[in-house]
Amino acid sequence: MTRITMTVDGATVSDDVAPRTLLVHYLRETLGKTGTVVGCDTSNCGACTVHLDGQSVKSCNVLAVQADGAEATTIEGLASDGELHPVQRAFHECHALQCGYCTPGMIMQSVDLLAENPDPSEEQIRIGLEGNLCRCTGYQNIVEAVRTAAKEVRS
Amino acid sequence: MTAVEEAPVAEIGRDRRRKEDQRLITGRTRWTDNITLPGMLHVAMVRSPFAHARIVGIDTSEAASSPNVTAVFTGADFGEELGACINAWPITPDQVTPAHSPMPADRVAFAGEIVAVVVARTATAARDAAELVDVDYEELPAALDLKEAATADETGGPIAHPDLGTNKSALWVFDSADAGTGGDVEEAIAKARADGVVIEREFRQQRLIPAFMEPRSVVVDPTGEQLTMWSATQIPHIVRFALAATTGVPESKIRVIAPDVGGGFGGKLQTTPEEWVVWALARRLGKPVKYTETRSESLVAGHHGRDQWQKLTLSAEKDGTVTGLKVELLADLGAYVAVVGGGVPVLGAFMFNAIYKFPAYHFACQTVLTNKTWTDAYRGAGRPEATFGIERMMDELAAELGVDPLEVREKNWIGHEEFPFTTVAGLEYDSGNYEAATALAKEKFGYAELRAEQRRRRESGDPVQLGIGVSTFTEMCGLAPSRVLGSLDYGAGGWEHASVRMLATGTVEVITGASAHGQGHETAFSQIVADRLGVPFEAVEVLHGDTQIAAKGLDTYGSRSLVVGGEALVRASDKVIAKAKLVAAHLLEASVDDIEFSAGRFNVRGTGQGMAIGEIAAAVFAAHDLPDDMEPSLDSDATYDPVNFSYPHGTHLCAMEVDTETGAVRMRKYTCVDDVGTVINPLIVAGQVHGGLVQGIAQALWEEAVYDDAGTLVSGSFVDYLLPTAADTIDFDLGHTVTPSLTNSLGTKGVGEAGTIASTPAVVNAVVDAVRHLGVDDVRMPCTPQRVWQAIQAAAATEGASR
């Protein structure tokens, strides 16, 4: 077992973990951060996307021990002081989710995309979300939501 | 109290944002895999790597002695308590149906079948130990190719279940001459061969995987008097029924909960071996047990969809008037006849004739057992297959006659003044307006302009050619009238249940037997009830997906929730109003005949006197002053059995660019005008259409479950099974016409499957249209660059040879 200490959604956590433990399993099973989900085993679907030190990562593709000392943000820590993040609001406004399973990862990736490019074109949004699969929405409203959020963040 | 009050905005038709979203966008979710219970044990499955093999022996000793392992079981450790996976729809009385044990003890019939289970304190320990289970298999010849399996009786080829002696499960036939719904199709074809047009084609419906985003998961808690199962399922009520029917536990002792469920698309319309095994383990061990599949397990063991060969013969007069349609299908069931199983292609029997006035029709479907993953419903279930077949054929007819594909359709479709119309398949279409939907679609699409561009590109010899694909589809939704299901030998009815409970503090609890998994029922059903009862949208709470709360129901599939479940809601609401009216009359000291109900208030006609429905609910709760003989309750139930299916329709137009040098295809434009009847929430309807379109387009262009010669699924992960991403898709241009259904109060028709059913042939027709001048008349799905390129090369070779 290896001792890790990190900040998750603003709280300091410290645990002994088996070295092979994936970050997503640490988040879900040890910390109870079940808002982050697992959709595949091959890092294709992006449902498990979280932020690690401000960058989006697929948490099924990161070992918990690699996150030692890092600051992680999950979908559960995105809203601040009860105020939804503009991307969360836009997903609701634009009906960018149906079953909602891909949504945590899709929102976290969208936040990351807008951090890198605050004014993305439709094509840039589509390419920026290529690593996140959604089976319900056909992506159209997700793209619309990212555009809407981009406008709000810029203004 | 004033008589004149501002009328509230109608909820029906309003683009309400969803009630469901708040939890889902903040991660406050209840997926089955999130559930943790005290003392809970975890399961890992040992699955067969062989498509067909005898289990010679299983050595579990090393696994059983691994750290933190509680127990290891094989099929031999269980008797009847394991139950069986059921087929609820034997399509013929003589259907050949293999016994389907959730964990067979002697022989596996597809790669992925469960042969042993490890139960441990953690999921990791279970999975580690599962690697140590040593199974000795004797490999058997596997029936893999659908056509070869269908003729194995004659050829002596491999039999999927040797004890059955055949791979042929059932032959289901409909003939319009026998049924009295039309003429003799052989006569029509013979006549057309003499002095008309006969189009003969064979199409392949490739095997698909539903690929819902949430892997299936099941938790069983046996520690209460009622055993509770949480399952990522579309059908908690049917699962409960089937558990009781097959495992010997009384139905009254079973509670099934579908908590948040992450998509289904038919793929969670199943009674699964995984559910049955976990059920047995929890009962045996007396502890809560959880199993969550990996994605690869999901792809290999969750049921697949489609997989047909379609041999189609269409006859017409020289002017394009269709005279007959003959449909001969081979449908791959996979290794077992699943819960709906052979019924899926049979649903297509009623849809091949589509919106056209065929005077003669023959449909025959042979279902076939193979040693591949079992197949069952996938979004559209039987209707996409039929729609693909007929819409491809109508394009082929147009090409043969040298006329516009919309022209040949218009010549043959049911005119809007001809409804109600009884089809050659025996269904009565209540309403529709194909002319209006097509006119709007052409205008939005810019049909004439795109045809002009297509001509220019042809003339200039542009290496990138443009093709335009048409699909004027209809579907049968709102499954289903129980009498019709009975006549087709389905094992259950098609009704739906709803309850409306008026709470004393002014809110309304609505319970539906439909079981949403992303559709937005909580929002749309709130809108319906808010309108009906005249209460605020926010005051309505919709509960579902738990058999102890929603005690009756037949769940969600087949675009039935709104059409059937919504009507049940309307009827339960009306019963509440009828009861409240008696109380209102009593409390207002008026005659019942003088009470008018409007916008949530019961008013005494011609006076300013009235009471709100909430006030009456409070008065009934107190029960201090009610009419004599009246029970102190407004709460009401309704169980609605539909009288007919509903028939959404629409016109979809697709423009595809095809690079004739590389075979690469690119979607240029997609316009659809759908007529789904009355729209409750346009935002939700658009979302359903978008998602449906992409699933249908994905069948046309990308997705296929591929097996190797040994029967191993080689597209067994998301690396290999090609789901479209945001970068693969475009923005779609949506429109609507509204021809309300005449068979339910709200005029709704259902929308969940429309996009998927309509889009596949529109896309393939467009691809073929782009290269038809090169001699291509079909491209097998998925239309990958390789297949498109090969089709062009093959056509060129044929043209060269014939020159």
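Buried area is the accessible area, with a 1.4 Å probe, that two parts lose on being put together, summed over both. I began with the two chains of this predicted model. Between chain B and chain A the buried area is about 4,000 Å², and carbon and sulfur atoms give 55% of it. I then listed the residues in contact (heavy atoms within 4.5 Å): 51 come from chain B and 41 from chain A. On the chain B side, B:Ile25, B:Met213 and B:Ala726 lose the most area to chain A, together 18% of what that side buries.

Conventions, for my own reference. Residues are numbered from 1 along each chain as its sequence is written, and chains are lettered from A and ligands numbered from 1 in the order in which they are written. Local features need pLDDT of at least 70 and side-chain atom pairs count only at pLDDT 80 or more, while totals for chains, interfaces and linings use all residues; side-chain values use heavy atoms, with hydrogens and water left out.

**Helix α3 of chain A**

I looked up A:Thr103 and found it in helix α3 (residues 103-116) of chain A. Helices here are DSSP runs of H or I with at least four residues, strands are runs of E with at least two, and both are numbered from the N terminus. A:Thr103 has a relative accessible area of 1% and is buried; buried means under 20%, exposed over 50%, and partly exposed in between, with a 1.4 Å probe and protein chains only. Not counting residues up to four places away in sequence, A:Thr103 touches A:Phe91 and A:Leu97, and also B:Leu24 and B:Ile25. B:Ile25 I had already noted among the chain B residues that lose the most area to chain A.

I checked the helix length. The expected span is 1.5 Å times one less than the number of residues; for the 14 residues of α3(A) that should be 20 Å, and the end C-alpha atoms are 20 Å apart, which agrees. Since 12 of the 14 residues are buried, α3(A) is largely enclosed by the rest of the structure. Among the buried residues are A:Met106, A:Gln109, A:Asp112 and A:Leu114.

**Domains of chain B**

Domain bounds come from an automatic or database domain assignment. Chain B is divided into domain 1 (21-28 + 495-640), domain 2 (37-385) and domain 3 (430-478 + 647-799). I took domains 1 and 3 of chain B as a pair: their C-alpha centres lie 41 Å apart. In the contact, 16 residues of domain 1 meet 17 residues of domain 3. Together these two domains of chain B bury about 1,200 Å², 58% of it on carbon and sulfur atoms. In domain 1, B:Ser559, B:Leu562 and B:Val563 lose the most area to domain 3, together 38% of what that side buries.

**Aromatic rings**

I counted 17 aromatic pairs over all chains. Rings of Phe, Tyr and Trp (its six-membered ring) pair if their centres lie within 6.5 Å; planes under 30 degrees apart count as stacked, over 60 as edge-to-face and the rest as tilted. B:Phe352 and B:Phe363 form a tilted pair, with 5.9 Å centre to centre and 45° between the planes. B:Phe352 is in the loop between α11 (343-347) and β15 (361-369) of chain B and B:Phe363 in strand β15, so the pair ties together parts that are 11 residues apart in sequence. Both B:Phe352 and B:Phe363 are buried. B:Tyr356 and B:Phe358 form an edge-to-face pair, at 6.5 Å centre to centre and 90° between the planes. B:Tyr356 is buried at 2% relative accessibility, and B:Phe358 is buried at 4%.

Ring pairs also link B:Trp172, B:Phe350, B:Phe352 and B:Phe363 into a cluster. I followed B:Trp172 to B:Thr92, which is in contact with B:Ala170, B:Leu171 and B:Trp172, leaving aside neighbours within four places in sequence. B:Thr92 is buried, with a relative accessible area of 9%.

**Backbone**

Most residues other than glycine have a negative phi, and most peptide bonds are trans. I noted B:Asp555, which is not a glycine, with a positive phi of about 75°; B:Asp555 counts as buried at 0% relative accessibility. The peptide bond from B:Met781 to B:Pro782 is cis, with omega near -10°.
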